[in-house]
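Here is a briefing on one chain. Look over the sequence and the model first, then read the points below.

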Amino acid sequence: MRKKIIAATWIFLAGLVAGAQELRLRPDNIDEIVRAMTLEEKAHLVNGIGTFWGGSASCRTLRDIPGAPGGTYEIPRLGIPALYMGDGPLGLRIDETRDYDNHHYYATAMPSSLLVGSSWDSQVIYEVAQDIAEECRDYGVDVMLGPSFNIIRNPLGGRTHEYYSEDPLLAGMLAGAFTEGVQSVGIGASVKHFAANNQETNRNAVNSVVSQRALREIYLKAFEVAIDRCAPWTVMTSYNGINGDWTSENRELLEDVLRGDWGYKGMVMTDWGGGVHPVQQMLAGNDLLEAGSDRAVQEIIEAVKDGRLDESVLDRNIHRILELVVKCFSFRQYPFTNRPDLEAHRAMARTSAAEGAILLKNDHEALPFAPSVKKVAIYGKTGYNVIPGGIGFNESNSGNYCISLVEGLRLAGYTVDYDLIKKHPKAGASPFPFPFGPQQDNADADKEISFTPDEYRAQTAVNDIALVVLGHVAGEGSDRIKPDFYLNDSEKQLVRDVTAAYHEAGKKVVVLLNIPGPIEMDSWKDIPDAILCIYQGGEQLGNWVADVLKGAVTPSGKLTVTFAKDIMDYPSSGNFPIAEEKAQMSGMMAGGMRFERKDKMTVDGERNKDYTVYEEGVYVGYRYFDTFGVPVSYPFGYGLSYTTFDYSDAKIVKEGDKFTVTVKVTNTGKYDGKEAVQLYVSAPKGKLDKPKKELRAFAKTALLHPGESETLVMTVSEQDLASFNSAMSRWETDKGTYTFHVAASVSDVKATLSGKVSKPWYQSVRNVLKPQVPIDERKAPQR
Ligand code: BGC
């Protein structure tokens, strides 16, 4: 009998052990898994396994993806796999080579977000994102760390190239399209950097001091729009603080606004090394700490033990992490190939970039090249060392593969002046080492190669047209310095000399701007015949620029940021770290990375470094220039085409609370082309001062052949017209008559319509994120 009891007990215990072993994560047993986890496991799971960033050392992953910045902790006994995060958003960034084989792990270097965003075409961005996500999937990466779409508050911001726009609706819609594209492949997106992360100088510790209105209408708005559109699997908080708290420690931002007001259901992670207090981050609802650290693991364990952190908070965060885990490819043990279809993605890198090219000027039909143009002269050092992308973790790893301008033109059938090639310095392999920016230590580094009048005469005799390529670069970790906004003397001289020489010979000059964001143009834009802004065009730069020059593609990009006459004209420039000179060790960049962080964020210390006050309020970008009547070089929304468009039959219809605006766009010129149409709305005079007009919708035609028309439809609801009243903590749409402007740019209105709101609309939101000090905000002049 005793033996039987012992045997039965053994069987029972063995069953228990087997049962426990069988407990495996499934989409429907997350609660049970959380209950089965030890405190140590929980503390680890909320800490990333940052690969090259440190991370929590006790977990070294089984299948490493070199160059992936991080991922999540694995707990094999519960069937919880590690997830991998890959950086973006301009392509997947992983290491090109690995220690154990000779294979090259390339990824496609897509064009900068600013360039593709200038297409004003969500579908293009969706497709680019799909290709990037396919590369993630094929390399075993579960989450793409993008889109990045902080508002371009000042063009000197180091990451301008990585962002979409100065306008929150446009930025949010395009980021939403990117997210949808990524997630349609089964890869998680991470919308970043949440929020008010608008400068790189001291980015790890700067306190952004912003009014509730500017936050809601501008800086949070872009995220609200994107999140509403596409439910991203993850959100990445930023490094900076908002009104006194690091974003990752800011309960008001994460629980009240993101999850409360907006109903966000996904997971939140820090930016890499963001924030200071792990316990506070847990409480704030920042579920995952990236890249994670052993210090944070220990602190969280101690805090639960001594009661500073309720274990249920940890459980809540873990629940959200596991909800992400079960959606990912790693959870399904997807047999990734390590062989993405790079060939197919090259086509996308080429066509998407061309969609964003902005024709700023085109006198005397300099573009497209006339059929008589066969020989092309390239001037400007950048012409022989083109800049495919900005600097930073957003870059992809194409192994320095980039189609040069010379190669692109040759493949398109042109002859490029060989003597000029020989006279320019050879392209460097990796000219922009991150994080210090381009090293320009010798005095001649900024100087362009110039020629004598005789040399120019000889060159104009053998070439049919001249291209002058001007290049500036910027990137993560530092902001651009003031002089970088202007062409330097030798660049201007080059534009003048080349134009004078070619005009004397009856030939034309086209300037290509290979730049990270706006530059000063007023003092020189009258000189050349044509100017094409190509921003930073990705690995297919030479090919697609040749497509546009040749006329195989008609440019249809329009500016998503204002090109002001002077850097000091930007409304944020008084409250932005504008440096006159490069900081030591940081090339042409200012500031550089700083990691010291105070325990608490205050409104003292060095202005624009320790704290930055957003005194321009909602008057960011065109909202300022247009409202205050400040002339610019090129307005928001501006861009020419090889063809011309006529706008007709503009109509507005109201049904329920929705206005539908239609307009017929006809191609009246002689080339195929597309047109991006914008709908701005002016509000009636009310209690709040408001921008003169604000972008409320946009649409783009398909490719129209000469004579063809398309009727575009744009809808705006009464809620979309709301402004934020901080005193009442609510969105308000006043009743009255609104003016709808159908426009080709903010300064080129083609038709004006009016629509009535017959009763006011209000929506209260949580009264949070108040600034620590009063802000002397800009107010619009009386209308
Ligand atoms: C950047 C993020 C990036 C992360 C991981 C950070 O420094 O701000 O955009 O995703 O690094 O590499």
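Axes are lines fitted to C-alpha atoms, for helices over the stretch in contact, and angles run from 0 to 180 degrees between N-to-C directions. This is a predicted model, in which local features need pLDDT of at least 70, side-chain atom pairs count only at pLDDT 80 or more, and totals for chains, interfaces and linings use all residues. Residues are numbered from 1 along each chain as its sequence is written, and side-chain values use heavy atoms, with hydrogens and water left out.

**The chain as a whole**

- The chain has 19 helices and 30 strands; helices (H or I, at least four residues) and strands (E, at least two) are DSSP runs, numbered from the N terminus.
- Its radius of gyration is 27 Å, close to the 28 Å that the globule rule gives for 783 residues, so the chain is as compact as a globular protein of that length. The radius is taken over C-alpha atoms, and the rule is 2.2 Å times the number of residues to the power 0.38.
- Along the principal axes, the C-alpha atoms fill a box of roughly 110 × 70 × 55 Å.
- Of the 783 residues, 62% count as buried (under 20% relative accessible area; exposed is over 50%, partly exposed in between; 1.4 Å probe, protein chains only).
- Among contacts (heavy atoms within 4.5 Å) with a separation of 6 or more, 78% join residues 24 or more positions apart.

**Helices H13 and H18**

- H13 (residues 342-356) and H18 (residues 541-550) pack at about 45 degrees, with their axes 8 Å apart.
- The two helices are therefore oblique to each other.
- Ala 349, Arg 350, Ala 353 and Ala 354 of H13 meet Asn 543, Trp 544, Asp 547 and Val 548 of H18.
- These contact residues divide into five nonpolar, one polar and two charged. Ala, Val, Leu, Ile, Met, Phe, Trp, Tyr, Cys and Pro count as nonpolar, Asp, Glu, Lys and Arg as charged, and the others, Gly among them, as polar.

- H18 is mostly covered, with nine of its 10 residues buried.
- Its buried residues include Leu 541, Trp 544 and Leu 549.
- They pack against several elements, among them H4 (113-117), H14 (405-411) and strand E13 (465-471).
- Just after H18, Gly 551 takes a positive phi of about 100 degrees.

**Helices H5 and H6**

- H5 (residues 122-138) and H6 (residues 168-184) pack at about 35 degrees, with their axes 7 Å apart.
- H5 passes H6 in a right-handed crossing.
- Residues of H5 including Ile 125, Tyr 126 and Ala 129 meet residues of H6 including Leu 174, Ala 177 and Phe 178.
- The residues of this contact divide into 10 nonpolar, four polar and one charged.

**Two buried residues**

- Gly 176 lies in H6 and counts as buried at 0% relative accessibility.
- Not counting residues up to four places away in sequence, Gly 176 touches Ala 226, Arg 229 and Cys 230.
- Val 681 lies in strand E23 (residues 676-682) and counts as buried at 4% relative accessibility.
- Beyond four places away in sequence, Val 681 touches residues including Leu 721, Tyr 738 and Phe 740.

Note on methods: Angles under 35 degrees count as roughly parallel, over 145 as roughly antiparallel, 65 to 115 as roughly perpendicular and the rest as oblique. A crossing is left-handed if the near helix is turned anticlockwise from the far one by less than a right angle, and right-handed if clockwise.
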